[in-house]
Amino acid sequence: TGTNIVNRGVLDFDAATDETAYGSFLLPSDWAGNIDLEVEASAAEAGTNVAKLSLAVICVAAGETFDPAFGAEDAFDWTNTASSQRVTATKANITKVGCAAGERLFFRFFRDANNAGDNLGVDLRVIAVRFKYRRAQ
């Protein structure tokens, strides 16, 4: 990560192969409808570089199948301007399929490395994937 040793857990998304991470969380009972995404990452490559990222979600209520199909993908860019720079990319109001308060939201997050617009030639080191949701007042 550089000359100083600062260890941290990351998800490395390859420069040449599409790679995916999955997860889930419960929407709170007072969830108010919109969700924004923040992806904090770095890459050991100088210059201005773009990684093409996507997110797809699906929600499952109690009693519904645990084998749902993901909804439409939200594509967005992560862009750095210097090597090993900490950069946060955001996607406002992600597309949600069948989601309601109290349901489990499943997500599929990935780097579309073979996308022509992805010119980052090294691993994208994802430090954090944060979902920001609104709650009723």
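This is a predicted model: local features need pLDDT of at least 70, side-chain atom pairs count only at pLDDT 80 or more; totals for chains, interfaces and linings use all residues.
I started with the cysteines, taking a disulfide as a pair of cysteine sulfur atoms within 2.5 Å. By this rule I count one disulfide. Residues are numbered from 1 along each chain as its sequence is written, and side-chain values use heavy atoms, with hydrogens and water left out.

**Entry: the disulfide**

I looked up the partners. Cysteine 59 and cysteine 99 form the disulfide, with their sulfur atoms 2.0 Å apart. The pair links distant parts of the chain. Cysteine 59 is in strand S4 (residues 49-60), and cysteine 99 is in the loop between S6 and strand S7 (104-111), 40 residues apart. The torsion about the S-S bond is about 85°, so I logged the disulfide as right-handed. For burial I used relative accessible area: buried is under 20%, exposed is over 50%, and partly exposed is in between (1.4 Å probe, protein chains only). Cysteine 59 has 5%, so it is buried.

**Entry: overall make-up**

I then counted elements. Helices (H or I, at least four residues) and strands (E, at least two) are DSSP runs, numbered from the N terminus. The protein has zero helices and eight strands. The C-alpha atoms fill a box of roughly 50 × 30 × 25 Å along the principal axes. Of the 137 residues, 39% count as buried.

I checked the surface next, with accessible areas from the Shrake-Rupley method with a 1.4 Å probe; for residues, only the protein chains shown count as cover. The total is about 7,300 Å², and 47% of it belongs to carbon and sulfur atoms. For contacts I took heavy atoms within 4.5 Å. Among contacts with a separation of 6 or more, 83% come from residues 24 or more positions apart.

**Entry: first sheet looked up**

Two strands pair if DSSP finds at least two bridges between them. Four strands form an open sheet in the order S1-S8-S3-S6, and the pairing is antiparallel. Strand S1 (11-13) and strand S6 (87-91) stand at the edges with a single partner strand each, so one side of each is left without a neighbour in the sheet. The twist averages 40° from one strand to the next. I took angles from 0 to 180 degrees between N-to-C directions, with axes as lines fitted to C-alpha atoms (for helices, over the stretch in contact). Three bridges join S1 to strand S8 (residues 124-135). Leucine 11 stands opposite valine 126 in S8.

**Entry: the other sheet**

Another open sheet of four strands has the order S2-S7-S4-S5, again with antiparallel pairing. Its edge strands are strand S2 (19-26) and S5, and each pairs on one side only. Here the twist averages 25° from one strand to the next.

I followed S4 and S5, which pair over seven antiparallel bridges. Serine 54 stands opposite alanine 75 in S5. Lysine 52 has aspartate 77 in S5 as its bridge partner. The side chains of strand S5 (residues 74-80) alternate.

Not counting residues up to four places away in sequence, alanine 51 touches Phe76, Asp77, Trp78, Arg111, Asp118, Leu120 and Leu124.

**Entry: aromatic pairs**

Rings of Phe, Tyr and Trp (its six-membered ring) pair if their centres lie within 6.5 Å; planes under 30 degrees apart are stacked, over 60 edge-to-face, and the rest tilted. I found six aromatic pairs. Phenylalanine 66 and phenylalanine 106 form an edge-to-face pair, 5.5 Å centre to centre with 85° between the planes. Phenylalanine 66 lies in the loop between S4 and S5 and phenylalanine 106 in strand S7, so the pair ties together parts 40 residues apart in sequence. Phenylalanine 66 is exposed, at 66% relative accessible area.

The rings of phenylalanine 107 and phenylalanine 131 have centres 4.9 Å apart and planes at 50°, so that pair is tilted. Phenylalanine 107 lies in strand S7 and phenylalanine 131 in strand S8, so parts 24 residues apart in sequence are tied together. Both are buried. Ring pairs link Phe25, Phe107, Phe131 and Tyr133 into a cluster.
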